2 protein chains.
Amino acid sequence: MPPRKRADAVRNEQTLLAAAAEVFVRSGVDAPIREIAAEAGVGMGTIYRHFPTRADLVVAVYRHQVEACASAGPSLLSTSDTPFDALRAWVDLFVDFLVTKHGLAGALQSDSSGFASLHAYFLDRLGPVCAELLEAAGIKDIQPYELMRGIGNLCIGRDDDPRYDPRRLISLLLDGLQVRL
Amino acid sequence: MPPRKRADAVRNEQTLLAAAAEVFVRSGVDAPIREIAAEAGVGMGTIYRHFPTRADLVVAVYRHQVEACASAGPSLLSTSDTPFDALRAWVDLFVDFLVTKHGLAGALQSDSSGFASLHAYFLDRLGPVCAELLEAAGIKDIQPYELMRGIGNLCIGRDDDPRYDPRRLISLLLDGLQVRL
DNA sequence: GAACGATACGGAGCGCTGTTCCGCTTTGTC
DNA sequence: GACAAAGCGGAACAGCGCTCCGTATCGTTC
């Protein structure tokens, strides 16, 4: 068996995942490695040791965000003023996550087989969480898959045109759901 | 009206188109600008003056190759030993051209509206030429569109795996057509 | 708690890239 | 032949990915 990892290595890996997620949202998945290193407060060598290729990093962030998004659902429900506020906050996280997801296709280049399995994992994990939030908020006008799919589609082409702001449209969508309560 | 172009500028534009086509086939559409400049025997400034963005260059090469491919059809028919030889030679040009075509999607990024019109132009221009070659060779087992589409599909993922050589497969396809004559 | 491999870190440095900019050359015209 | 104007070349700059190795930290053993 492989020797146990050193504590600082584990810590750095977590820091990197968080920093990369932050930078991906701010500057896209093509952001310079240096920028991610700076955000995390580590050297570039550290990134390359943990994630030999860019795809490795992007995939890791992707999985990490799916997990964060999934576990955020219940905790948002318990800390928000209303279930609908929780839904809004969760959708916001979900959009962050989509930035990475959309960059994934480019980062993986050919290897689209791995992409499909990641996509399945993402649906399995997040679908029920979304369902729980919708139910808690008493929303019956839309199915979890339909909402997630719609939000995903609204986020396409996010950086083509500065006049196009998906978050505003998504916020409108949520307003629409809220009105029907 | 704009002043007439200088002779050397016209010459360089043609040289560049030819050189870029050559380099795209050899090294892909992401080839360094320097490499294209070297191939053409001009400075980098010259490329940027004629084609401000990479997409401009790729589109220009695309159109240029469609034209070359179209006009090569009849001339190959008159210079080749047999009509089938002409078809083989033409298909070879066609494959070169597809390299640029496939790179186009990436180079255009978003602007997929212009891509559609280019695609239509390409079908209109090359379909009849291909038809003429097929007819001259006495091939009735396949339609021009079907052949062009098939060759196009075989060229997908050309550089994912060095073991995959589309030209060999395409050659086999032609052998198959020849056998049925 | 001291000593010591093993493990991980940092970031200077290299090579490659796109892009700009300006002195020089070529061209067309009078 | 002379003289703008148009065009050219490529040095120079900035930004990037990636490697490499001296240095720092960690976990273990006594």
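This is a predicted model: local features need pLDDT of at least 70, side-chain atom pairs count only at pLDDT 80 or more; totals for chains, interfaces and linings use all residues.

Me: Which residues of helix 7 of chain A are buried?

Reply: Leu147(A), Met148(A), Ile151(A) and Leu154(A) are the buried ones. Seen down the axis of helix 7, they fall within an arc of 130°, so they line one face of the helix. The arc is that of the directions from the helix axis to the C-beta atoms.

Me: How many helices and strands are there in chain A?

Reply: Helices (H or I, at least four residues) and strands (E, at least two) are DSSP runs, numbered from the N terminus. Chain A has eight helices and zero strands. Of its 181 residues, 27% count as buried.

Me: What radius of gyration does chain A have?

Reply: The radius of gyration is taken over C-alpha atoms, and the globule rule is 2.2 Å times the number of residues to the power 0.38. For 181 residues a compact globule would have a value near 16 Å; chain A has 17 Å, which agrees. The C-alpha trace of chain A spans about 55 × 40 × 30 Å along its principal axes.

Me: Which residues have the most contacts inside the largest nonpolar core?

Reply: In soluble globular proteins, nonpolar side chains tend to be buried together. A nonpolar core is a set of buried Ala, Val, Leu, Ile, Met, Phe, Trp, Tyr and Cys residues joined through C-beta atoms within 7 Å. The largest one here has 43 residues, and Ala20(A), Val61(A), Trp90(A) and Leu133(A) have the most contacts inside it. Helix 4 of chain A gives the largest share of this core, 10 residues. Apart from it lies another core, of 42 residues, including Val29(B) and Ala137(B).

Me: With which residues is Trp90(A) in contact, leaving aside its neighbours within four places in sequence?

Reply: Two residues are in contact if their C-beta atoms, placed from the backbone, lie within 7 Å. For Trp90(A), with those neighbours left aside, the partners are Ala72(A), Gly73(A), Leu76(A) and Leu133(A).

Me: Which residues come nearest to DNA strand C?

Reply: A residue is near a strand if its C-beta atom, placed from the backbone, lies within 6 Å of it. There are 22 residues around DNA strand C, and Asn12(A), Val42(A), Gly43(A), Gly45(A) and Ala7(B) come nearest. Helix 3 of chain A gives the largest share of this surface, four residues.

Me: Where is Lys140(A), and is that residue buried or exposed?

Reply: Lys140(A) sits in the loop between helix 6 and helix 7 of chain A. Lys140(A) is exposed, with 11 other C-beta atoms within 10 Å. Ser117(A) is 23 residues from Lys140(A) in sequence and 29 Å from it in space, C-alpha to C-alpha.

Conventions. Residues are numbered from 1 along each chain as its sequence is written. Chains are lettered from A and ligands numbered from 1 in the order in which they are written. A residue is buried if 20 or more other C-beta atoms lie within 10 Å of its own, exposed if 12 or fewer, and partly exposed in between; C-beta atoms are placed from the backbone.
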